[in-house]
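This report covers aromatic side chains, a strand pairing and a helix contact. The sequence and structure come first.

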Amino acid sequence: MDIKRWKVMLAVDDYGSFTRAGEALGYTQSGVTQMMKALEKEVGFSLFIKGKKGAVLTPEAQSLIPSVRALLSADEVVHQEISALKGTPTGTITIGTYLSCSIHWIPEIIQKFRESHPNIVFKVIEGAEDDLPDWIQERRVDIGFLSHQEGHHFQFLPVMEDELFAVLPKGHSLEDCSAVPMEKFTGAPFVTTEYAPGSDIYRILNEFHIKPDIRFLSINEFSVLSMVEHGLGITILPGLLLRGQTGSFIKRRLKPRSFRQLGLGYSSYDDLSPASRIFLEYAKSFLLDD
């Protein structure tokens, strides 16, 4: 069984394209095609359906994904164990995170960590609140920097209470409030990145039985902030993301005050690779001292 072929299959699934998967892994498009044909011959059924939206896994191939990810994770662990026994820890750590964490936490943590572990490579993937729990459980990422999510089956290590703030355009009628009462969001023009049961904003407003008038859904929090500045609505954003930001907006505490619990998520400590375990302990110490 050729491990490289399975890695390529996952890359095609992730990127939705033979060409983009090849670019990411250093293969030509024809090389990827040949490897996938060889893998299909080995398993005895088609792996991909090609359509207008690119290459999509067949149902049979999709059912293999959890086992394939477990296989590749085990292969990575073996290589890292060998490196650790030689006294030179190496390996790749895949991190899933939110925009706020990737701006304020991840760069500094990785920079300082690599001072003592220069041979460990990082892959950082940004995702939405609904994405990260699935990525951790499916082992698409080794460690996730995310907020606490109920109903998911993975380990969660809390490291910080991050306060959520009301964000208003300058001159808004609520500008003079020292704290914005939750009921003020009822029916108010609202902009956000997502509004689903897995999001912190949904959780907070739903707790108070509030249904905002969602006018715009944007791709990231900075786009949301720009919409607020242009008077298109109000929003709620985490303090970590607002740290150091300036512009034509004002932030106010919520009434009552509300928080999200940020931390580190991973499938299980025993399943982590040696490099991931070292990084987990380092990140925990770094964040708890922050």
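## Aromatic cluster

In this predicted model, ring pairs join Trp 105, Phe 113, Phe 122, Phe 145, Phe 279, Tyr 282 and Phe 286 into a cluster. A search of the whole structure gives 10 aromatic pairs. A pair of aromatic rings is described by the distance of the centres and the angle of the planes.

## Lysines over rings

Two lysines are placed over the faces of phenylalanine rings. Lys 50 lies over Phe 18, at 4.3 Å from the ring centre. Lys 251 lies over the face of Phe 165, and here the value is 4.5 Å from the ring centre.

## Hairpin S1–S2

Lys 50 also takes part in strand pairing: its bridge partner in S2 is Ala 55. Strand S1 covers residues 48-51 and strand S2 residues 54-57, and the two pair in the antiparallel sense over 4 bridges. With 2 residues between them, S1 and S2 form a hairpin.

## Helices H2 and H3

Phe 18, the residue whose ring face lies under Lys 50, also belongs to the contact of H2 with H3. The axes of H2 (residues 18-25) and H3 (residues 29-43) come within 8 Å and cross at roughly 105°. Angles of 65 to 115 degrees count as roughly perpendicular, and H2 and H3 are therefore roughly perpendicular to each other.

On the H2 side, the contact is made by Phe 18, Thr 19 and Gly 22; in H3 they meet Gln 29, Val 32, Thr 33 and Met 36. By class, the residues of this contact are 3 nonpolar and 4 polar, with no charged residue.

Definitions and conventions
Residues are numbered from 1 along each chain as its sequence is written. This is a predicted model: local features need pLDDT of at least 70, side-chain atom pairs count only at pLDDT 80 or more; totals for chains, interfaces and linings use all residues. Side-chain values use heavy atoms; hydrogens and water are left out. Rings of Phe, Tyr and Trp (its six-membered ring) pair if their centres lie within 6.5 Å; planes under 30 degrees apart count as stacked, over 60 as edge-to-face and the rest as tilted. A charge sits over a ring if NZ of Lys or CZ of Arg is within 6 Å of the ring centre and within 35 degrees of the ring normal. Two strands pair if DSSP finds at least two bridges between them. Axes are lines fitted to C-alpha atoms, for helices over the stretch in contact, and angles run from 0 to 180 degrees between N-to-C directions. Angles under 35 degrees count as roughly parallel, over 145 as roughly antiparallel, 65 to 115 as roughly perpendicular and the rest as oblique. Contact means heavy atoms within 4.5 Å. Ala, Val, Leu, Ile, Met, Phe, Trp, Tyr, Cys and Pro count as nonpolar, Asp, Glu, Lys and Arg as charged, and the others, Gly among them, as polar.
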